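Dear colleague,

I am handing over the structure we spoke about. Please look through it alongside the notes that follow.

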Amino acid sequence: MVASHPARTGEVGRLAATVERLRQEALQAQEAADGRALIELAKGVLVGRLGCGPGEASRQLAKLAEQANTTALALAIDIINQASRDRVSELAQEFLNAADAEPSTAGETAPPVQLRAVESRMLAATDTQAVATALLDNALAALGANGVAIWSVGPDSSLTLAGQAGFTAEDADRWRYVPPEVATCARLAVTSRELTVVDCLSDSGIPTIGRRRHPDGGRVMVPAGTGGRILGVLEMSWPGSLPAQSTPLLRQLEALAELCAHTLEEQRPSPVLLPPDAAHHAGVAELTDLAQQLDDPVLVLTPSLEPTGQLADFRIHHANVRFADPAGRPSSMVTGTRFLEAYPMAAEDNGLFSMLERVYATGEPCQAPRTALTAIVDEVPLTTVADVKISRHGTALLLIWKIEDETARLAALLQHAQRLGRVGGFEENSTTGEISWNGQLFALFGMPPTSSPVPLRELTSRVHPHDVNSVGRFLRTLLHNLRESSVDFRLNRADGIVRHIRMVAEPVLDNHGHLLSVRGACQDISSQHWTEVALAATRDQLADSEAESADRTKLALQLQQAIMPPAPAPLEVPGIRIAVRYRPAESQSLVGGDWYDSVVLPDNKILISVGDVAGHGIQAATGMVILRNALRGLAVTGAGPGQLLTWLNRVAHHLTSNLTATAVCGIYDPADRTLRWARAGHLPPVLVRRTHARPFPLTAGLLLGALPDVNYEEEEVQLETEDILLMYTDGLVERRDVSVTDSLSQLVAVASRPTDSLESRLDNLLTYSASDTDDDTCLIGIQVR
């Protein structure tokens, strides 16, 4: 490690201090020079106003500054602002108003004095690069900015870097030119035509100069323009995310952009070696000559500016001979007027005038199909629709107004309709033999457009042999009987493809009834034909399926009615009286598996059962027969209801295919009026005693056929004389929107109503049933005697 020499270190420090002192003296000298220039300009204003000499103007300035208790420079700025009435002077007045309203905030941003100093520096700059440096050093650096880019907007809406400060030479070379329509930060200001802020570049993802060095920096872009035209963009860079900006500060930035616009305008090379006014008039004259040579209606528009330099309107400088005014006015009445005076409706939101403003400001051409141009005649709006093209040439606009051709538009629509509908048209002259086909008809016949059309008399040579007679009758009706005719035939194309064609034609007759020509159309109906074939096959299949389904339903219904007639007669057995009601489903296609049975066993006991097989149709009906007959056969063994259901479960599980069912089985002994019962997933019986009804408690019991071995519990109930026992299937109580418990409660309420007979009670239960599932219903009533 080499130690530094103390004397050398001291020399370097003194040299750095000297450089800094000289830099500060240069800045002070520059500021003093700027101040002197502004003071001298104010003296010149006083000389003109007071009619005095320079010496007297100097003394008056010093005296006025002493009386106002301010500096001569500040007073000079006030005098210049009052005399110039430009953007900086407007900004100075805003600062004064802000100071009067809120004194504490008047000094938040740089004062107008600094803006005048910056203006002085910019006017003294030799090129745009020096202007950018002056902006950064004298105005923007104090606001925290670290870079300035001044972009020039080209006639084709491209961007050229006219000057920059704070960015590297590598960035400046990379961003020297930006092609049109490339999205950048500066492009945002051109597109919006107003001050645009990007708080953080990394969040926005928009490319721009210097982004690599400060990816999280903020940007402010202000369009720089004069007289409504955007000449360039002033882009200012901050190293970090952009802080909240006050309105006075944003107004300052807009004023700086306007200063840049004047610089860009002065330094833009003139395409002709003529004075500015002469160059303008020469350019408009050339544009007028161009408009006269164009075949479309054209207006040449020149800007009409306000005294402040802002764009107010456009003046119709020239209307070529092909321009047709929507109101029917001659060109002489339109030429020379303001555009909004001639067409005030163009000022509506996003209307034609806004398009003109944008093109004039940015220089980017515009095309807008089907744009309305409305004129007011006797307070009645008259509108013309046209395709609009707008372009800027120097300071003038060329508005091409191509009125929509209704005939051409309808012809285009017809062509598209023929293409979508696969329709081709033809006409055949009977006198000359000339035949005209459109392009779609050539495509239908599989022929190139350059080939010769097929005459009608040769049509039979192109069709399927089975369709020759049909085409012959078509031709006789058309050519001999001279009547409109149509025919469907199969066309054998040269490429081997067979298409189904529908041809419709009519004869064209002269005043004497002689045939002049035949015109008609052909449509490719191949897809329709094959669709009809598929539909016919589907209809046949559906008819077979419906017939088979009807046979199956009829068989199931006959089987069901043979075993369970809808209204069986009451059963009289010792000790009890049994009545049955059966209500089939309203739809015959829903033949179910509900069943009931009552039989006297060899030991004089009575088997009472009711059940419901899952599903509908022939399978449910046959399953019902199996279980009903099996239970009858098992009951003669003398086993109890629990054992009977255990055996019946094995039958359902092993001797049927995937059959499940619910059931209630009861054995009644007339000797002691006892009832033993068991259930397999079925709703419990309801006991009606005098005027009170209640359901039996739910005992455990799985539905039949679910598992191979299930044991069922059985209960014993002591009945009394005149007791009524109700057994039923779920079709009596089941609802889609109500729980089974609530439906059972309603059944109990209806069953409690007094009636004069057992049959009446069963009829009431069917009448007031709350069920809405359209399912079969079995209901058995047992009355003890």
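**Aromatic pairs, a surface patch and confidence**

A search of the whole structure, which is a predicted model, finds 6 aromatic pairs. One of them joins Phe 314 and Tyr 360: the ring centres are 5.6 Å apart and the planes stand at 80 degrees, so this pair is edge-to-face. Because Phe 314 belongs to strand β8 (residues 311-319) and Tyr 360 to helix α14 (residues 352-362), the pair ties together parts 46 residues apart in sequence. Phe 314 has 0% relative accessibility and so counts as buried; Tyr 360, at 2%, is buried as well. Together with Phe 353, Phe 314 and Tyr 360 make up one aromatic cluster.

Trp 437 and Phe 445 are another pair, with centres 4.9 Å apart; their planes are at 45 degrees, so the pair is tilted. Both Trp 437 and Phe 445 are buried.

On the surface, Leu 702, Leu 703 and Leu 707 form a nonpolar patch with about 220 Å² of accessible area together. Leu 702 sits in the loop between β24 (692-695) and β25 (715-718). Its relative accessibility is 34%, so Leu 702 counts as partly exposed.

As for confidence, the protein chain has an average pLDDT of 79, and 74% of the residues score at least 70. The highest mean, 95, is in strand β22 (residues 674-680), and the lowest, 50, is in helix α4 (residues 87-101). Over residues 98-113 the pLDDT stays under 50, and the model has 18 contacts beyond four places in sequence for this stretch. Residues 269-276 are also below 50, with 3 contacts beyond near neighbours in sequence.

Regards

Conventions:
Residues numbered from 1 in each chain as written. Predicted model: local features only at pLDDT ≥ 70, side-chain atom pairs only at ≥ 80, totals over all residues. Heavy atoms only, no water. Patch = residues over 30% accessible without salt bridge, like charges linked within 9 Å, V, L, I, M, F, W, Y side chains within 5 Å. Areas by Shrake-Rupley, 256 points an atom, 1.4 Å probe, with all protein chains shown as cover. Salt bridge = Lys/Arg side-chain N within 4 Å of Asp/Glu carboxyl O. Helix = DSSP H or I, 4+ residues; strand = E, 2+ residues; numbered from the N terminus. Buried < 20%, exposed > 50% of the residue type's maximum accessible area, 1.4 Å probe, protein only. pLDDT = per-residue confidence, 0-100. Contact = heavy atoms within 4.5 Å. Phe/Tyr/Trp six-rings, centres within 6.5 Å; stacked < 30°, edge-to-face > 60°.
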